[in-house]
Amino acid sequence: MKSVMKYNETENRITFPVPEGVKTPWFDHVGEIPRHLEYFGGTMYEKVAEIAIRYPNHIAFDFMGRHVTYKRMKEKIDMCARALRTTGIREGDRITVAMPNCPQAIYMLYAINAVGAIANMIHPLSAEKEIEEYLNMSKSVSVVTLDQFYHKFEAIRENTGVVNIILASIKDELSKKIRTGYMLTEGRKIEKIPKDAPVIQWDQFMKLGTACSYNFAVKRQADDPAVILYSGGTTGKTKGIVLTNLNFNALSEQVVAANPMFRPGDKMLAAMPLFHGFGLGVCVHTMLAQGGRCILVPRFTPKSYSKLLVKNRCNFIAGVPTLYEALLRLKNMEKADLSCLKGVFSGGDSLSVELKKKCDSFLYDHKSAVQIREGYGTTECVTASCLTPPSLHKEGSIGIPFPDTYYKIVEPGTDRELPPGEEGEILIAGPTVMKEYLDMPEETAATLRKHEDGLTWVYTGDLGMMDDDGFIFFRGRIKRMIISSGYNIYPAQMENIFDAHPKVQMSCVIGVPDDYKMQKVKVFVMPKGGMPVTGKEEEALREELMAFASKRVAKYAMPYDIEFRESLPKTLVGKVAYKQLEDEELQKIKEENDD
């Protein structure tokens with residue numbers, strides 16, 4: 001996309017004219033959503049600082065009952081940036097942030113950006129070896145985490161290049177009343193840190209900022225690296241995804257443009273974590289870069305999510321399908337008033353037609369004037385790059401591309417564009433496309449490819465279809481495909497079928513190795529209400545589901561087995577962990593062969 005970027009230095013704005021030869025059938029169906037935008041030409045920090053000047057007294061975020069204004073947030077970010085400079089952080093350094101959604105994480109994220117460093121965002125609950133890999137992949141020189149995670153980092157510190165570990169604590173950001181309760185419950189579980197531990201406590205760290213009297217800010221360009229996120233690791237090896245200032249700032253403009261009902265001061269329930277593209281890109285940066293208000297959720301459970309939604313009367317919420325499936329079953333949501341909602345978004349996994357209908361009925365019954373809107377994206381484009389418009393929905397569609405974002409469907413692995421209605425690989429181009437995979441030039445070259453139209457396209461590895469109107473339909477991952485007796489079977493499509501059965505809460509379809517067929521299909525089913533099924537009841541339900549599937553599934557795709565579970569395993573971001581189920585089946589086969 002860089003090749004068509006135009007920079008207006010006087011106004012510090014970037015535009016992207018439409019390249020010749022690019023098909024845009026969705027342009028006729030965008031409604032009030034603009035086709036093109038002007039983007040801020042500075043850094044993430046500069047964008048948020050600009051908003052803090054415009055709305056100093058607006059609340060930037062809420063954390064466990066405490067409110068922080070934009071003015072106060074900016075002051076904290078600046079002090080944090082000065083402290084980073086005092087500890088020796090320089091332009092281009094990588095700093096690992098391993099924290100939940102809490103105030104110190106917000107301050108640190110933008111302070112890192114202000115001093116020209118790069119934020120390496122990782123999950124604080126990662127295993128020690130995973131953390132070691134993330135630190136070494138990114139060549140991080142410092143780590144910022146919570147006191148409760150200190151021992152994991154100290155255990156692997158000598159195997160990395162980390163110089164400083166900065167420790168924050170949740171209790172320091174709580175009101176006096178809530179802090180007392182926290183220390184009597186969660187706080188008591190935190191393992192004590194030795195007094196001589198080689199760390200910098202958060203309070204000490206922030207005081208270091210007073211020693212920096214010179215200008216802490218480093219001038220960086222829109223296309224300079226700002227953040228490293230990691231691919232989910234569900235297929236192949238984990239990759240560091242290098243994202244720029246422009247990637248995040250452009251996303252913030254696109255999200256608001258695709259939601260014209262947004263107004264400064266609107267509240268977003270920020271439950272998706274900061275190490276996730278949606279959590280960082282939409283729930284936090286989009287809100288703070290546009291004058292919104294984040295309701296920070298440090299520890300996610302469906303129950304805590306639902307309570308904060310109702311209590312704070314949030315205007316926008318987002319989640320994966322499993323979250324919405326859980327919300328439908330919570331007793332405290334039975335009498336909830338959801339008339340406050342302006343936008344309800346689903347992404348990260350396929351939203352079955354049946355679950356969407358259930359969610360829309362639920363929203364209507366609880367006074368909401370909106371329906372759930374499905375979107376799609378990849379971390380290689382930060383997060384969402386396609387969303388169902390507010391006024392036009394097509395059943396099974398994930399919507400239309402954001403402004404200045406282009407989609408095309410090609411024959412998998414090639415640049416040959418397919419006509420409307422044909423399934424192929426989804427390609428994306430636009431201002432949110434990543435810079436590269438971290439230190440992986442071959443993988444970068446395979447994923448980012450420049451076409452004759454002058455655009456650099458992301459090869460997503462996902463299957464989809466575009467109709468005549470430019471609406472996109474997601475069909476599943478190319479790599480998540482079962483090949484049985486030479487036939488291609490796509491688990492996502494099978495799951496949609498089983499999820500539509502009235503006695504099924506959720507399903508997961510996997511391929512199991514088979515000497516004759518190469519792979520055979522197995523389905524894991526979580527019955528409605530999570531009820532356990534045993535004996536004759538189990539066999540009766542299995543037969544019922546098999547009969548149901550036989551009418552909707554080709555014979556070669558029929559499962560050889562259905563296993564019932566009270567719950568299905570989830571990944572760290574709430575998707576069904578199908579890889580875990582595949583590994584369990586492989587282990588069973590291995591044990592049987594050993595016997």
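**Cysteines, sheet and helix packing in a predicted model**

The sulfur of Cys381 lies 11 Å from the closest cysteine sulfur, which belongs to Cys386, and this separation is too far for a bond. A disulfide is a covalent bond between the sulfur atoms of two cysteines, and a pair is counted here when the sulfur atoms are within 2.5 Å. The structure is a predicted model, and a search of the whole of it finds 0 disulfides. Cys508 is likewise in no disulfide, since the nearest cysteine sulfur, that of Cys359, is 19 Å away. Cys381 counts as buried because its relative accessibility is 0%, and Cys508, at 1% relative accessibility, counts as buried too.

An open sheet of 8 strands, with mixed pairing, has the order E10-E9-E8-E6-E7-E11-E12-E22. Its edge strands are E10 (200-201) and E22 (436-437), each of which pairs on one side only. Strands of a sheet pair through backbone hydrogen bonds, either parallel or antiparallel. Within this sheet, strand E8 (residues 142-146) and strand E9 (residues 164-168) pair in the parallel sense over 5 bridges, and Val144 has Ile166 in E9 as its bridge partner. Helix H4 (residues 128-138) packs on the sheet and touches strands E6 (94-98), E7 (118-121), E8, E11 (225-230) and E12 (240-244), while its direction makes about 150° with that of E11. Helix H8 (residues 245-257) lies across E11 and E12, and runs at about 70° to E12.

Antiparallel pairing is found between strand E24 (residues 456-466) and strand E25, which are joined over 5 bridges, with Leu463 standing opposite Gly476 in E25. These two strands form a hairpin with 5 residues between them, and Gly470 in the turn has a positive phi of about 85°. The loop between E25 (472-477) and strand E26 (482-484) contains Met481, a residue that is partly exposed, with a relative accessible area of 23%. The C-alpha atoms of Met481 and Ile510 are separated by 8.7 Å, although the two residues are 29 residues apart along the chain.

Among the helices, H2 (residues 70-86) has 17 residues, which at 1.5 Å a residue should span 24 Å, and this agrees with its end C-alpha atoms, which are 24 Å apart. The buried residues of H2 are Tyr70, Met73, Ile77, Asp78, Cys80, Ala81, Ala83, Leu84 and Arg85. An α-helix has 3.6 residues a turn, so residues three or four places apart point the same way. After H2 comes Gly88, whose phi is positive, near 100°. Elsewhere, the axes of helix H3 (residues 103-114) and helix H9 (residues 277-289) come within 13 Å and cross at roughly 75°, so that H3 is roughly perpendicular to H9. The contact is made by Ile106, Leu109 and Tyr110 of H3 together with Leu280, Val284, His285 and Leu288 of H9.

A positive phi also occurs at residues that are not glycines, including Lys367, where phi is about 70°, and Val382, where phi is also about 70°. Lys367 lies in the loop between helix H12 (353-365) and strand E17 (372-377), whereas Val382 lies in the loop between E17 and strand E18 (384-387). The surroundings of the two residues can be set side by side. Lys367 counts as exposed, at 60% relative accessibility, whereas Val382 is buried, with a relative accessible area of 0%.

Conventions. Residues numbered from 1 in each chain as written. Predicted model: local features only at pLDDT ≥ 70, side-chain atom pairs only at ≥ 80, totals over all residues. Heavy atoms only, no water. Buried < 20%, exposed > 50% of the residue type's maximum accessible area, 1.4 Å probe, protein only. Helix = DSSP H or I, 4+ residues; strand = E, 2+ residues; numbered from the N terminus. Expected span 1.5 Å × (residues − 1). Pairing = 2+ DSSP bridges. Contact = heavy atoms within 4.5 Å. Axes fitted to C-alpha atoms, helices over the stretch in contact; angles between N-to-C directions. Parallel < 35°, antiparallel > 145°, perpendicular 65-115°, else oblique.
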